[in-house]
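The following exercises concern the structure displayed below.

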Amino acid sequence: MSKGRKYSKEERKLEIVKVACKLFAKRGYYNTTIPDIAEAMGMSVGNIYNYFKSKEELAKYIMRYSSRLLGNEIRKINEEDLSTKEKVYKIVKRFFEIAEEQPELIEYFLRVFLSNREIFNEGCEGFLCVSEVITELMLFFEEGAKIGDFRQQEFFPAFTTLMGPLGGMVFLKGEGVLPKSPVEYSDELAKNIWNALKNG
Amino acid sequence: MGKKTLLWLQGLSCNGNSQSLLNAENPSFYELFSRVELIFHPEISYKENILQVLEKVLSDRKKVNFLVIEGSITTNKRFHRIGDYTIGELIDRLKNKVDYIIAAGNCASFGNIPVLYREHKDIRGLQFKFKERKGFLPPDFKTKSGYPVINITGCPMHPSWFTQTLIALLEGRKVILDKYNRPKEFFMYLSHDGCLRNEYFEWKVEAEEFGHKEGCLFYNLGCRAPMTHAPCNKILWNRVSSKTRAGLPCFGCTEFDFPLRENYFETKKNIGIPEDVPLGVSKRVYITITGVAKTLKNERLSKKLEETD
Ligand code: SF4
């Protein structure tokens, strides 16, 4: 980190979140320690604790931060003047773009949040730490079904039809078995998702 | 000074509001009409002849202070007539003679169920047709007292909403109206306010069946109370209960769209998300709060009430 300018507390906190997220995503939650994060940040261990009381707290914060970020992206698409079909294509594309720009966010979700549920017991139960994403997707589905574009069904089948393939694609990418980048499959996948969800 | 007078006329009506009025308490029907002279009521008056009553009123030999209309308005004699008049003609002739016009119930207020008879266009409420100000009387119409038609909505209205409004007017108190010309004193509340199931609503514990003591009826069973202006859980029915207290959903019968919905026992949802959310919050806020509440379990509310500590 450059030392030339002063960082505000908020900026510094965000920096810790980004660095920690990368380390967690790469090495796993249990193989990453606060001293590792401190070292990567060029900070003292004690100073990190000024920002986060524990590794667990940091882990939850990262999840909330990523959810807000992704939720905001979906919200922007939700509020655009586009057809439901166009929105499906755009959400899929945006998801893969984020996965490319900040792969650690999605990796973190798959490899820490979903794999180490025990860390997220208190304060992150259920959807508490990913509520922005869920809320925006609920609004998206509700609106689409209300105007007759989506087939009526319960929320969770619709939700997994959209998010399942996205997670799957990023997972395959992470495993190194995907010949092309996820963005390049974006339209093809969006077409499948749209066909599965559309009304009639 | 003599007693103030009240004339009750019916248009296209099922008599429900009259039946409701007979159940009035504090004041009761008889107490009320010992203070007010009831010139005529089609269900109760047996000595008077309506045509003679009307003749006196129309020729200004009898003053009417309160004209109460129950039922929707039409000017088609095939559907409705009193003597040789339709209810529409009578209102036309009486509207500038009386001090107040009160619409008793949803039909007189909004047109309500009779308007659904689509083959005939000439059926409406006194000053509204559903939510539009396209009733029988013009939108800016006011009686001599300066009030528009005062709407006591409901299918039927609660007797107390009517009697208390009447008494307020008798005593010269100012009655503040909402945008549908309903007295705010009653219709500023939602029928959700005061329901015994409010805790279940907060924690999103949903009832799956009718008639049980536990669970909120909003998510599955069609309860409209969080979007319905009415003090049904403040001023109870027959002083004992309300629909939602008894485990039946609020049907939203005090609102203009009451007959426009389809299934009264089911919540309209899109991909599992309620299409209408409680008044005062956006859908985004509602969904967020619901998600949180659903995740955090309230132990007490997961049991039968009899089994709680
Ligand atoms: S049953 Fe209806 S009135 Fe009662 S708490 Fe639930 S939504 Fe409100």
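On a 1 Å grid over the protein atoms alone, a cavity is a set of points where a 1.4 Å probe fits but cannot get out, and a pocket is an open set with protein on both sides within 12 Å along at least five of seven lines; a lining residue has an atom within 4 Å of a point. Grid points are joined across faces, edges and corners, and a volume is the space filled by probe spheres set on the points.

This is a predicted model, in which local features need pLDDT of at least 70 and side-chain atom pairs count only at pLDDT 80 or more, while totals for chains, interfaces and linings use all residues. Residues are numbered from 1 along each chain as its sequence is written, chains are lettered from A and ligands numbered from 1 in the order in which they are written, and side-chain values use heavy atoms, with hydrogens and water left out.

**Exercise 1. Cavities**

State which residues line the largest cavity, and describe that lining by class.

Step 1. The largest cavity has a volume of about 80 Å³. Its lining consists of H192(B), C195(B), R197(B), N198(B), F201(B), C216(B), L217(B), F218(B), C223(B), A225(B), P226(B) and T244(B).

Step 2. For the classes, Ala, Val, Leu, Ile, Met, Phe, Trp, Tyr, Cys and Pro count as nonpolar, Asp, Glu, Lys and Arg as charged, and the others, Gly among them, as polar. The lining of the largest cavity then divides into 8 nonpolar, 3 polar and 1 charged residues.

Step 3. The second largest cavity holds about 50 Å³ of space; among the residues lining it are L70(A), E73(A), R94(A) and M163(A).

**Exercise 2. The largest pocket and the domains of chain B**

Determine which domains of chain B contribute to the lining of the largest pocket.

Step 1. Chain B is divided into domain 1 (4-187) and domain 2 (198-307), bounds that come from an automatic or database domain assignment.

Step 2. The C-alpha centres of these two domains lie 32 Å apart. Their contact (heavy atoms within 4.5 Å) takes 25 residues from domain 1 of chain B and 16 residues from domain 2 of chain B.

Step 3. About 730 Å³ of space lies in the largest pocket. Of its 27 lining residues, R224(B), M227(B), D257(B), R261(B) and D276(B) are the closest to its centre.

Step 4. Each of domain 1 and domain 2 of chain B supplies at least three residues to this lining, which comprises 9 nonpolar, 6 polar and 12 charged residues.

**Exercise 3. Cysteines**

Step 1. A disulfide is a pair of cysteine sulfur atoms within 2.5 Å. The structure holds 1 disulfide over all chains.

Step 2. The link of C124(A) and C129(A) is left-handed, at -85 degrees about the S-S bond.

Step 3. Buried means under 20% relative accessible area, exposed over 50%, and partly exposed in between (1.4 Å probe, protein chains only). Both C124(A) and C129(A) are buried.

Step 4. C14(B) is in no disulfide, and the nearest cysteine sulfur, that of C155(B), is 6.2 Å away.
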